[in-house]
Amino acid sequence: MDQATIRDTLFAALRGIAPEVTPGEIEPDQPLRDQVDLDSMDFLNFLVRLHEKLGVDVPEADYAKLVTLNDFVAYLQARLG
Amino acid sequence: MIEFRLPSLGADMDEGKLVQWNVKPGDPVKKGDVVAVVDTSKSAIDVEIWDEGTVWELVQAPGETVPVGTVIARLLAPGETTAHAEEERQRRLTAAETAPVPATPVEAPAIARPPAAAVASRPRISPAARARAEALGLDVAAIAGTGPDGAILLEDVERRATEGAQPRDRGAEMRRAIAAAMARSKREIPHYYLATDIPLGRASRWLASRNEAHPVSQRVLMAALLLKAVAVALRRHPQLNGHYTDGAFRPGTGIHPGVAIFIRGGGLIAPAIHDADAQGLDELMRQLADLAARARSYSLRSSELADPTITVTNLGDQGVELVHGVINPPQVALVGFGRVTDRPWVDQGTLIVTPVVTATLAADHRVSDGHVGAALLDEVARLLQDPERL
(Lines give C-alpha, C1' and ligand atoms only; values in the text may rest on other atoms or scores of the structure.)
Protein backbone atom coordinates (compact mmCIF):
# COMPACT_ATOMS: atom_id res chain seq x y z
CA MET A 1 0.00 0.00 0.00
CA ASP A 2 1.43 3.40 -0.94
CA GLN A 3 2.07 6.22 1.52
CA ALA A 4 -0.66 8.49 0.12
CA THR A 5 -3.34 5.82 0.67
CA ILE A 6 -2.12 5.15 4.20
CA ARG A 7 -2.12 8.86 4.92
CA ASP A 8 -5.72 9.20 3.64
CA THR A 9 -6.80 6.27 5.80
CA LEU A 10 -5.12 7.84 8.84
CA PHE A 11 -6.95 11.11 8.29
CA ALA A 12 -10.27 9.36 7.76
CA ALA A 13 -9.79 7.49 11.06
CA LEU A 14 -8.77 10.70 12.81
CA ARG A 15 -11.79 12.63 11.53
CA GLY A 16 -14.07 10.01 13.05
CA ILE A 17 -12.69 10.93 16.46
CA ALA A 18 -11.82 14.60 16.05
CA PRO A 19 -14.15 15.97 13.33
CA GLU A 20 -12.73 19.47 13.69
CA VAL A 21 -9.28 18.45 12.45
CA THR A 22 -8.27 19.22 8.87
CA PRO A 23 -5.30 17.40 7.29
CA GLY A 24 -3.54 20.70 6.55
CA GLU A 25 -3.30 21.52 10.27
CA ILE A 26 -1.30 18.45 11.19
CA GLU A 27 2.47 18.80 11.27
CA PRO A 28 3.58 15.33 10.14
CA ASP A 29 6.76 15.35 12.21
CA GLN A 30 5.29 16.68 15.46
CA PRO A 31 3.60 14.57 18.17
CA LEU A 32 0.12 13.71 16.94
CA ARG A 33 -1.61 13.39 20.32
CA ASP A 34 -0.61 16.90 21.33
CA GLN A 35 -1.81 18.41 18.08
CA VAL A 36 -5.18 16.69 18.04
CA ASP A 37 -5.64 16.46 21.83
CA LEU A 38 -6.27 12.73 21.90
CA ASP A 39 -6.73 11.16 25.32
CA SER A 40 -6.09 7.45 25.89
CA MET A 41 -9.67 6.55 25.00
CA ASP A 42 -9.43 8.55 21.74
CA PHE A 43 -6.08 6.99 20.93
CA LEU A 44 -7.46 3.50 21.49
CA ASN A 45 -10.48 4.29 19.28
CA PHE A 46 -8.12 5.60 16.62
CA LEU A 47 -6.25 2.27 16.65
CA VAL A 48 -9.53 0.35 16.55
CA ARG A 49 -10.51 2.27 13.41
CA LEU A 50 -7.14 1.61 11.79
CA HIS A 51 -7.54 -2.07 12.62
CA GLU A 52 -10.98 -2.10 10.96
CA LYS A 53 -9.77 -0.30 7.85
CA LEU A 54 -6.32 -1.82 7.37
CA GLY A 55 -6.41 -5.03 9.37
CA VAL A 56 -3.31 -4.01 11.34
CA ASP A 57 -3.59 -4.70 15.06
CA VAL A 58 -1.08 -2.46 16.86
CA PRO A 59 0.10 -4.10 20.11
CA GLU A 60 0.54 -1.92 23.19
CA ALA A 61 4.26 -2.63 23.11
CA ASP A 62 4.49 -0.63 19.85
CA TYR A 63 2.68 2.48 21.14
CA ALA A 64 5.96 4.15 22.00
CA LYS A 65 7.06 3.99 18.37
CA LEU A 66 3.96 5.84 17.20
CA VAL A 67 4.36 9.48 18.07
CA THR A 68 4.07 11.50 14.88
CA LEU A 69 1.96 11.08 11.76
CA ASN A 70 5.12 10.10 9.87
CA ASP A 71 5.76 7.37 12.46
CA PHE A 72 2.31 5.94 11.76
CA VAL A 73 2.81 5.99 7.99
CA ALA A 74 6.19 4.25 8.22
CA TYR A 75 4.96 1.70 10.78
CA LEU A 76 1.81 0.80 8.87
CA GLN A 77 3.67 0.56 5.57
CA ALA A 78 6.13 -1.87 7.12
CA ARG A 79 3.35 -3.94 8.68
CA LEU A 80 1.33 -4.03 5.47
CA GLY A 81 4.41 -5.12 3.51
CA MET B 1 -53.52 6.05 33.92
CA ILE B 2 -49.80 6.66 34.06
CA GLU B 3 -48.47 10.19 33.86
CA PHE B 4 -45.09 10.29 32.19
CA ARG B 5 -43.06 13.26 33.36
CA LEU B 6 -39.87 14.72 31.96
CA PRO B 7 -37.26 12.97 34.13
CA SER B 8 -34.41 14.70 35.90
CA LEU B 9 -31.61 15.41 33.44
CA GLY B 10 -28.89 16.03 36.00
CA ALA B 11 -28.50 18.53 38.81
CA ASP B 12 -27.54 21.41 36.56
CA MET B 13 -30.43 20.93 34.15
CA ASP B 14 -33.86 22.38 34.98
CA GLU B 15 -35.58 22.06 31.64
CA GLY B 16 -35.42 20.38 28.29
CA LYS B 17 -36.69 21.09 24.83
CA LEU B 18 -38.69 18.28 23.31
CA VAL B 19 -37.11 17.50 19.95
CA GLN B 20 -39.12 14.51 18.85
CA TRP B 21 -41.41 11.72 19.92
CA ASN B 22 -40.34 8.19 19.03
CA VAL B 23 -43.81 6.86 19.87
CA LYS B 24 -47.38 7.72 18.94
CA PRO B 25 -50.72 7.12 20.64
CA GLY B 26 -51.55 3.43 20.59
CA ASP B 27 -47.93 2.25 20.72
CA PRO B 28 -47.09 -0.26 23.44
CA VAL B 29 -44.03 0.64 25.55
CA LYS B 30 -41.98 -1.25 28.09
CA LYS B 31 -39.42 -0.39 30.72
CA GLY B 32 -36.27 1.10 29.21
CA ASP B 33 -37.76 2.09 25.84
CA VAL B 34 -36.51 5.38 24.44
CA VAL B 35 -39.72 7.29 23.83
CA ALA B 36 -38.52 10.81 23.11
CA VAL B 37 -35.47 12.94 22.38
CA VAL B 38 -34.97 16.04 24.51
CA ASP B 39 -32.35 18.70 23.99
CA THR B 40 -30.57 20.41 26.89
CA SER B 41 -27.67 22.81 26.96
CA LYS B 42 -25.33 19.86 27.40
CA SER B 43 -26.60 17.17 25.10
CA ALA B 44 -29.45 15.69 23.16
CA ILE B 45 -30.86 13.09 25.50
CA ASP B 46 -32.76 9.90 24.74
CA VAL B 47 -35.55 9.84 27.29
CA GLU B 48 -36.41 6.38 28.56
CA ILE B 49 -39.66 5.30 30.11
CA TRP B 50 -39.81 3.15 33.25
CA ASP B 51 -43.41 1.99 33.04
CA GLU B 52 -45.13 -0.54 30.90
CA GLY B 53 -48.29 0.45 29.07
CA THR B 54 -49.78 1.89 25.93
CA VAL B 55 -49.25 5.48 24.84
CA TRP B 56 -52.55 7.30 25.17
CA GLU B 57 -51.78 10.94 24.56
CA LEU B 58 -48.71 13.04 23.88
CA VAL B 59 -49.21 16.14 26.00
CA GLN B 60 -46.26 18.18 24.77
CA ALA B 61 -45.44 18.82 21.15
CA PRO B 62 -41.94 18.85 19.67
CA GLY B 63 -40.43 22.31 19.95
CA GLU B 64 -41.75 22.91 23.47
CA THR B 65 -39.34 23.67 26.29
CA VAL B 66 -40.61 22.27 29.56
CA PRO B 67 -39.28 22.09 33.13
CA VAL B 68 -38.20 18.78 34.61
CA GLY B 69 -41.20 17.08 36.18
CA THR B 70 -43.74 18.24 33.61
CA VAL B 71 -46.23 15.65 32.39
CA ILE B 72 -45.27 15.13 28.77
CA ALA B 73 -47.37 12.08 27.96
CA ARG B 74 -50.07 9.87 29.44
CA LEU B 75 -50.21 6.12 29.17
CA LEU B 76 -52.80 3.47 29.75
CA ALA B 77 -51.60 1.01 32.35
CA PRO B 78 -51.75 -2.63 31.28
CA GLY B 79 -55.41 -3.68 31.30
CA GLU B 80 -56.71 -0.13 31.51
CA THR B 81 -59.34 0.98 28.99
CA THR B 82 -59.62 4.25 27.11
CA ALA B 83 -62.99 4.93 28.74
CA HIS B 84 -61.45 4.70 32.19
CA ALA B 85 -58.64 7.07 31.22
CA GLU B 86 -61.15 9.52 29.74
CA GLU B 87 -63.12 9.47 32.97
CA GLU B 88 -60.00 10.14 34.99
CA ARG B 89 -59.12 13.04 32.75
CA GLN B 90 -62.52 14.64 33.25
CA ARG B 91 -62.10 14.30 36.99
CA ARG B 92 -58.71 15.91 36.83
CA LEU B 93 -59.94 18.82 34.72
CA THR B 94 -62.70 19.52 37.20
CA ALA B 95 -60.25 19.38 40.07
CA ALA B 96 -57.89 21.76 38.32
CA GLU B 97 -60.60 24.40 38.05
CA THR B 98 -61.24 24.45 41.77
CA ALA B 99 -57.71 23.86 42.98
CA PRO B 100 -55.82 26.78 44.48
CA VAL B 101 -52.94 28.19 42.48
CA PRO B 102 -49.82 26.26 43.52
CA ALA B 103 -47.29 28.28 45.44
CA THR B 104 -44.07 29.06 43.67
CA PRO B 105 -41.09 26.99 44.87
CA VAL B 106 -39.35 28.44 47.91
CA GLU B 107 -35.90 28.03 46.45
CA ALA B 108 -35.84 30.06 43.27
CA PRO B 109 -34.19 28.01 40.53
CA ALA B 110 -31.35 29.59 38.63
CA ILE B 111 -33.41 29.52 35.47
CA ALA B 112 -36.85 31.05 35.86
CA ARG B 113 -39.52 28.45 35.27
CA PRO B 114 -43.24 28.93 34.97
CA PRO B 115 -45.35 27.83 37.91
CA ALA B 116 -46.47 24.23 37.71
CA ALA B 117 -50.01 25.10 36.67
CA ALA B 118 -48.86 26.96 33.59
CA VAL B 119 -46.50 24.23 32.54
CA ALA B 120 -48.99 22.21 30.55
CA SER B 121 -49.80 25.17 28.33
CA ARG B 122 -47.84 26.02 25.21
CA PRO B 123 -45.87 29.28 25.07
CA ARG B 124 -48.44 32.06 24.85
CA ILE B 125 -48.44 33.34 21.34
CA SER B 126 -51.02 35.12 19.26
CA PRO B 127 -52.34 33.18 16.25
CA ALA B 128 -50.97 35.81 13.87
CA ALA B 129 -47.54 35.63 15.50
CA ARG B 130 -47.55 31.83 15.36
CA ALA B 131 -48.47 31.85 11.66
CA ARG B 132 -45.75 34.41 10.94
CA ALA B 133 -43.15 32.45 12.93
CA GLU B 134 -44.01 29.29 11.04
CA ALA B 135 -43.80 31.15 7.71
CA LEU B 136 -40.35 32.43 8.67
CA GLY B 137 -39.25 29.02 9.94
CA LEU B 138 -38.56 30.40 13.43
CA ASP B 139 -38.65 28.29 16.55
CA VAL B 140 -41.42 29.70 18.75
CA ALA B 141 -39.69 28.47 21.89
CA ALA B 142 -36.68 30.66 21.12
CA ILE B 143 -38.64 33.90 20.79
CA ALA B 144 -38.87 36.19 23.81
CA GLY B 145 -42.40 37.54 24.26
CA THR B 146 -43.14 41.09 25.39
CA GLY B 147 -46.92 40.82 25.62
CA PRO B 148 -49.03 40.14 28.75
CA ASP B 149 -47.58 37.24 30.78
CA GLY B 150 -44.72 37.02 28.32
CA ALA B 151 -47.01 36.30 25.38
CA ILE B 152 -45.30 36.40 22.02
CA LEU B 153 -46.68 39.11 19.76
CA LEU B 154 -46.35 39.59 16.04
CA GLU B 155 -43.77 42.34 16.63
CA ASP B 156 -41.65 39.94 18.73
CA VAL B 157 -41.56 37.54 15.81
CA GLU B 158 -40.59 40.30 13.40
CA ARG B 159 -37.85 41.53 15.72
CA ARG B 160 -36.51 38.02 16.08
CA ALA B 161 -36.55 37.62 12.30
CA THR B 162 -34.52 40.79 11.74
CA GLU B 163 -31.99 39.75 14.40
CA GLY B 164 -31.30 36.90 12.07
CA ALA B 165 -31.16 33.24 12.89
CA GLN B 166 -28.71 32.90 15.73
CA PRO B 167 -26.84 29.64 15.49
CA ARG B 168 -27.11 27.70 18.69
CA ASP B 169 -24.01 28.08 20.81
CA ARG B 170 -23.97 24.85 22.76
CA GLY B 171 -20.52 25.60 24.11
CA ALA B 172 -21.72 28.81 25.75
CA GLU B 173 -24.87 27.15 27.10
CA MET B 174 -22.85 24.31 28.56
CA ARG B 175 -20.46 26.76 30.16
CA ARG B 176 -23.40 28.51 31.85
CA ALA B 177 -24.77 25.20 33.13
CA ILE B 178 -21.37 24.18 34.52
CA ALA B 179 -20.91 27.63 36.06
CA ALA B 180 -24.25 27.39 37.86
CA ALA B 181 -23.59 23.92 39.25
CA MET B 182 -20.01 24.62 40.31
CA ALA B 183 -20.86 27.98 41.88
CA ARG B 184 -23.56 26.25 43.89
CA SER B 185 -21.06 23.56 44.91
CA LYS B 186 -18.46 26.05 46.10
CA ARG B 187 -21.11 28.14 47.86
CA GLU B 188 -22.89 25.33 49.68
CA ILE B 189 -20.60 22.34 50.08
CA PRO B 190 -17.90 22.40 52.77
CA HIS B 191 -15.33 20.39 50.84
CA TYR B 192 -12.48 18.52 52.44
CA TYR B 193 -9.63 17.12 50.37
CA LEU B 194 -7.40 14.06 50.71
CA ALA B 195 -4.70 12.58 48.50
CA THR B 196 -2.69 9.42 48.38
CA ASP B 197 -0.09 7.90 46.06
CA ILE B 198 -0.93 4.43 44.79
CA PRO B 199 1.74 2.15 43.28
CA LEU B 200 0.45 0.56 40.09
CA GLY B 201 3.35 -1.75 39.15
CA ARG B 202 1.31 -4.88 39.66
CA ALA B 203 -1.80 -3.44 37.99
CA SER B 204 0.20 -2.16 35.00
CA ARG B 205 1.90 -5.49 34.44
CA TRP B 206 -1.33 -7.40 34.80
CA LEU B 207 -3.13 -5.08 32.37
CA ALA B 208 -0.29 -5.23 29.83
CA SER B 209 -0.25 -9.02 29.80
CA ARG B 210 -4.03 -9.15 29.59
CA ASN B 211 -4.10 -6.69 26.68
CA GLU B 212 -1.33 -8.53 24.87
CA ALA B 213 -3.66 -11.47 24.49
CA HIS B 214 -6.54 -9.38 23.10
CA PRO B 215 -7.10 -7.51 19.82
CA VAL B 216 -7.10 -3.73 19.98
CA SER B 217 -10.92 -3.58 20.10
CA GLN B 218 -10.95 -5.53 23.38
CA ARG B 219 -8.18 -3.73 25.19
CA VAL B 220 -8.82 -2.34 28.65
CA LEU B 221 -7.45 1.02 29.75
CA MET B 222 -6.07 1.75 33.21
CA ALA B 223 -8.95 4.24 33.57
CA ALA B 224 -11.42 1.33 33.63
CA LEU B 225 -9.43 -0.50 36.30
CA LEU B 226 -9.26 2.64 38.47
CA LEU B 227 -13.01 3.18 38.06
CA LYS B 228 -13.73 -0.39 39.05
CA ALA B 229 -11.56 -0.09 42.15
CA VAL B 230 -13.42 3.05 43.25
CA ALA B 231 -16.81 1.42 42.65
CA VAL B 232 -15.93 -1.68 44.65
CA ALA B 233 -14.40 0.38 47.48
CA LEU B 234 -17.59 2.44 47.75
CA ARG B 235 -19.54 -0.65 48.84
CA ARG B 236 -17.97 -0.32 52.27
CA HIS B 237 -18.22 3.47 52.37
CA PRO B 238 -21.82 4.38 51.54
CA GLN B 239 -21.40 7.85 53.11
CA LEU B 240 -19.53 8.91 50.00
CA ASN B 241 -22.02 7.50 47.51
CA GLY B 242 -25.36 9.29 47.21
CA HIS B 243 -27.06 12.67 47.23
CA TYR B 244 -27.39 15.50 49.72
CA THR B 245 -30.81 17.06 49.19
CA ASP B 246 -33.16 19.10 51.37
CA GLY B 247 -30.72 19.14 54.25
CA ALA B 248 -30.22 15.39 54.45
CA PHE B 249 -28.01 12.72 52.95
CA ARG B 250 -29.64 9.95 50.97
CA PRO B 251 -27.36 7.03 50.19
CA GLY B 252 -27.40 5.88 46.57
CA THR B 253 -29.56 2.88 45.72
CA GLY B 254 -26.62 1.53 43.76
CA ILE B 255 -23.08 2.57 42.88
CA HIS B 256 -23.46 4.69 39.77
CA PRO B 257 -20.27 6.70 39.24
CA GLY B 258 -20.52 9.60 36.82
CA VAL B 259 -17.50 9.57 34.57
CA ALA B 260 -16.19 13.00 33.66
CA ILE B 261 -15.85 13.24 29.87
CA PHE B 262 -14.45 16.32 28.26
CA ILE B 263 -16.28 17.54 25.18
CA ARG B 264 -14.29 18.66 22.15
CA GLY B 265 -14.81 22.37 21.68
CA GLY B 266 -15.14 22.89 25.43
CA GLY B 267 -17.27 21.63 28.24
CA LEU B 268 -17.68 18.64 30.46
CA ILE B 269 -20.33 16.06 31.12
CA ALA B 270 -20.36 13.24 33.65
CA PRO B 271 -22.91 10.56 32.74
CA ALA B 272 -23.33 7.53 35.00
CA ILE B 273 -22.28 3.94 34.58
CA HIS B 274 -24.90 2.01 36.49
CA ASP B 275 -23.91 -0.54 39.13
CA ALA B 276 -20.27 -0.19 38.14
CA ASP B 277 -19.15 -2.29 41.12
CA ALA B 278 -21.01 -5.30 39.77
CA GLN B 279 -19.72 -5.09 36.17
CA GLY B 280 -16.87 -7.21 34.93
CA LEU B 281 -13.83 -5.24 33.81
CA ASP B 282 -14.40 -5.97 30.10
CA GLU B 283 -18.01 -4.87 30.33
CA LEU B 284 -17.03 -1.75 32.26
CA MET B 285 -14.49 -0.84 29.58
CA ARG B 286 -17.08 -1.39 26.85
CA GLN B 287 -19.53 0.90 28.65
CA LEU B 288 -16.87 3.52 29.24
CA ALA B 289 -15.95 3.60 25.53
CA ASP B 290 -19.61 3.69 24.52
CA LEU B 291 -20.35 6.50 26.97
CA ALA B 292 -17.40 8.60 25.78
CA ALA B 293 -18.43 8.21 22.15
CA ARG B 294 -22.07 9.06 22.86
CA ALA B 295 -21.25 12.00 25.13
CA ARG B 296 -19.16 13.50 22.38
CA SER B 297 -21.82 13.01 19.75
CA TYR B 298 -24.33 14.52 22.23
CA SER B 299 -26.43 11.39 22.47
CA LEU B 300 -26.96 10.33 26.07
CA ARG B 301 -29.86 8.69 27.89
CA SER B 302 -31.90 10.38 30.57
CA SER B 303 -31.09 7.67 33.11
CA GLU B 304 -27.37 8.29 32.64
CA LEU B 305 -27.66 11.96 33.53
CA ALA B 306 -30.25 11.73 36.28
CA ASP B 307 -28.56 9.75 38.96
CA PRO B 308 -24.76 9.59 39.18
CA THR B 309 -24.01 8.98 42.88
CA ILE B 310 -20.36 10.13 42.79
CA THR B 311 -18.04 11.51 40.11
CA VAL B 312 -14.76 9.98 39.00
CA THR B 313 -12.47 12.17 36.95
CA ASN B 314 -9.26 11.17 35.26
CA LEU B 315 -7.03 14.02 34.17
CA GLY B 316 -3.86 11.99 33.74
CA ASP B 317 -3.97 12.28 29.96
CA GLN B 318 -3.44 16.00 30.32
CA GLY B 319 -0.25 15.33 32.21
CA VAL B 320 -1.28 16.58 35.65
CA GLU B 321 -0.42 14.60 38.74
CA LEU B 322 -3.00 15.89 41.19
CA VAL B 323 -6.71 16.75 40.86
CA HIS B 324 -8.41 19.05 43.38
CA GLY B 325 -12.00 18.18 42.56
CA VAL B 326 -15.15 20.26 42.86
CA ILE B 327 -18.08 18.10 43.93
CA ASN B 328 -20.97 17.94 41.47
CA PRO B 329 -24.10 18.61 43.57
CA PRO B 330 -26.19 16.91 44.85
CA GLN B 331 -23.41 14.32 44.99
CA VAL B 332 -21.18 14.28 48.05
CA ALA B 333 -17.82 13.16 46.71
CA LEU B 334 -15.47 13.20 43.74
CA VAL B 335 -12.49 10.96 43.18
CA GLY B 336 -9.75 12.29 40.91
CA PHE B 337 -6.83 10.52 39.30
CA GLY B 338 -3.74 12.16 37.86
CA ARG B 339 -1.17 10.80 35.48
CA VAL B 340 0.42 7.41 35.98
CA THR B 341 4.15 8.17 36.12
CA ASP B 342 7.26 6.20 36.97
CA ARG B 343 8.38 7.36 40.41
CA PRO B 344 10.79 6.25 43.10
CA TRP B 345 9.00 4.04 45.61
CA VAL B 346 10.07 2.18 48.71
CA ASP B 347 8.87 -1.40 48.51
CA GLN B 348 9.61 -3.55 51.58
CA GLY B 349 12.71 -1.52 52.40
CA THR B 350 14.03 -1.40 48.83
CA LEU B 351 14.01 1.67 46.63
CA ILE B 352 12.46 0.83 43.28
CA VAL B 353 11.08 2.74 40.27
CA THR B 354 7.45 1.90 39.60
CA PRO B 355 4.35 3.42 38.01
CA VAL B 356 2.44 5.47 40.59
CA VAL B 357 -0.83 7.42 40.43
CA THR B 358 -2.00 10.09 42.83
CA ALA B 359 -5.63 9.58 43.80
CA THR B 360 -7.53 12.41 45.44
CA LEU B 361 -10.87 12.73 47.12
CA ALA B 362 -13.00 15.82 47.50
CA ALA B 363 -15.87 15.06 49.87
CA ASP B 364 -18.76 16.84 51.58
CA HIS B 365 -18.07 17.49 55.26
CA ARG B 366 -21.81 17.72 55.98
CA VAL B 367 -22.00 13.99 55.30
CA SER B 368 -18.62 12.42 56.07
CA ASP B 369 -15.36 13.12 57.84
CA GLY B 370 -11.78 12.77 56.73
CA HIS B 371 -11.60 9.43 58.52
CA VAL B 372 -14.18 7.93 56.15
CA GLY B 373 -12.58 9.55 53.10
CA ALA B 374 -9.16 8.25 54.07
CA ALA B 375 -10.55 4.75 54.46
CA LEU B 376 -12.01 4.92 50.95
CA LEU B 377 -8.72 5.94 49.33
CA ASP B 378 -6.89 3.31 51.34
CA GLU B 379 -9.31 0.66 50.13
CA VAL B 380 -8.90 1.81 46.50
CA ALA B 381 -5.13 1.50 46.88
CA ARG B 382 -5.46 -1.96 48.43
CA LEU B 383 -7.81 -3.22 45.70
CA LEU B 384 -5.44 -2.05 42.98
CA GLN B 385 -2.69 -4.31 44.39
CA ASP B 386 -4.86 -7.27 43.49
CA PRO B 387 -5.96 -6.36 39.95
CA GLU B 388 -6.97 -9.84 38.85
CA ARG B 389 -9.73 -9.80 41.47
CA LEU B 390 -11.29 -6.61 40.16
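Reply: Let us begin with one face of a helix. In this predicted model, the exposed residues B:Pro127, B:Glu134 and B:Ala135 lie on the face of helix 3 of chain B that is turned away from its buried side.

Me: Which residues of helix 3 of chain B are buried?

Reply: Helix 3, which spans residues 127-136 of chain B, has B:Ala129, B:Arg132 and B:Ala133 as its buried residues. These three are on the same side of helix 3 of chain B because the arc they cover around the axis is only 100 degrees.

Me: What follows just after helix 3 of chain B?

Reply: There one finds B:Gly137, whose phi is positive, at about 70 degrees.

Me: How many helices and strands does chain B have, and what share of its residues is buried?

Reply: Chain B contains 10 helices and 19 strands. Its length is 390 residues, of which 36% count as buried. Among contacts in chain B with a separation of 6 or more, 64% join residues 24 or more positions apart.

Me: Let us turn to chain A. How is a pair of packed helices described?

Reply: Two values are used: the angle between the axes and the distance between them. In chain A, helix 1 (residues 3-17) packs with helix 3 (residues 40-54) at an angle of about 135 degrees, and their axes are 9 Å apart. The crossing of helix 1 of chain A past helix 3 of chain A is right-handed.

Me: Which residues meet where these two helices of chain A pack?

Reply: From helix 1 of chain A, the residues include A:Thr9, A:Ala13 and A:Leu14. Their counterparts in helix 3 of chain A include A:Phe46, A:Arg49 and A:Leu50.

Me: Where in chain A is confidence lowest, and where is it highest?

Reply: The lowest confidence in chain A is in helix 2 (residues 32-36), with a mean pLDDT of 88, and the highest is in helix 4 (residues 69-80), at 94. Chain A as a whole averages 91, and 100% of its residues score at least 70.

Me: What are the corresponding values for chain B?

Reply: Chain B has a mean pLDDT of 85, with 90% of its residues at 70 or more. Over residues 101-121 of chain B, pLDDT stays under 50, and the model has 18 contacts beyond four places in sequence for that stretch.

Me: What are the ipTM and pTM of the model?

Reply: The ipTM is 0.88 and the pTM is 0.75.

Conventions: Residues numbered from 1 in each chain as written. Chains lettered and ligands numbered in written order. Predicted model: local features only at pLDDT ≥ 70, side-chain atom pairs only at ≥ 80, totals over all residues. pLDDT = per-residue confidence, 0-100. Helix = DSSP H or I, 4+ residues; strand = E, 2+ residues; numbered from the N terminus. Contact = placed C-beta atoms within 7 Å. Buried ≥ 20, exposed ≤ 12 C-beta atoms within 10 Å, placed from the backbone. Arc of directions from axis to C-beta. Axes fitted to C-alpha atoms, helices over the stretch in contact; angles between N-to-C directions. Left-handed = near helix turned anticlockwise from the far one by under 90°.
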